[in-house]
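Please work through each task before reading its solution.

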Amino acid sequence: VITNGTMFNDRLVERLAKSKLFEIGVSIDAVDKKAYEAIRVGANFDKVCEGVSKLSQALKGKNTGLFWQSR
């Protein structure tokens, strides 16, 4: 699964952590808030980063890899 992370919330993070996915990728359009929000209009950079952080914590000790990339 590859996602832009904009839909991460506590419920989705929990479902992803419980899933049998082998790998979850997050593609982020920029590495700073100003550029990100200019590219991904309507998205919230801080919320995406918080969601990725929560997912990372939820996946600790599981056999699921989390990777992210920026363009």
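A residue counts as buried when its relative accessible area is under 20%, as exposed when that area is over 50%, and as partly exposed in between. The model examined here is predicted.

**Exercise 1.** Classify D29 as buried or exposed, and state where D29 lies.

*Solution.* 
Step 1. D29 is located in the loop between β2 and α2.
Step 2. The relative accessibility of D29 is 5%.
Step 3. Because the cut-off for burial is under 20%, D29 counts as buried.

**Exercise 2.** Identify the residue with which D29 forms a salt bridge, and determine which parts of the chain the pair ties together.

*Solution.* 
Step 1. A salt bridge requires a side-chain nitrogen of Lys or Arg within 4 Å of a carboxyl oxygen of Asp or Glu.
Step 2. For D29 the partner is R40, and the closest N and O atoms are 2.8 Å apart.
Step 3. R40 belongs to the loop between α2 (33-39) and α3 (45-59), while D29 belongs to the loop between β2 (23-28) and α2; the pair therefore ties together parts that are 11 residues apart in sequence.
Step 4. The side chains of D29 and R40 also make a polar contact (2.8 Å).
Step 5. R40 has a relative accessible area of 26% and is partly exposed, whereas D29 is buried.

**Exercise 3.** Carry out the corresponding analysis for E37 and K33.

*Solution.* 
Step 1. A salt bridge joins E37 to K33, with 2.9 Å between the closest N and O atoms.
Step 2. The two residues lie four residues apart in helix α2, about one turn of the helix.

**Exercise 4.** State how many salt bridges the structure holds, and which residues are linked in a network with D10.

*Solution.* 
Step 1. The structure contains six salt bridges.
Step 2. D10 is linked with E50 and K54 in a network of salt bridges.

Definitions and conventions:
Residues numbered from 1 in each chain as written. Predicted model: local features only at pLDDT ≥ 70, side-chain atom pairs only at ≥ 80, totals over all residues. Heavy atoms only, no water. Buried < 20%, exposed > 50% of the residue type's maximum accessible area, 1.4 Å probe, protein only. Polar contact = N/O pair within 3.5 Å; in protein donor to acceptor, adjacent residues only side chain to side chain.
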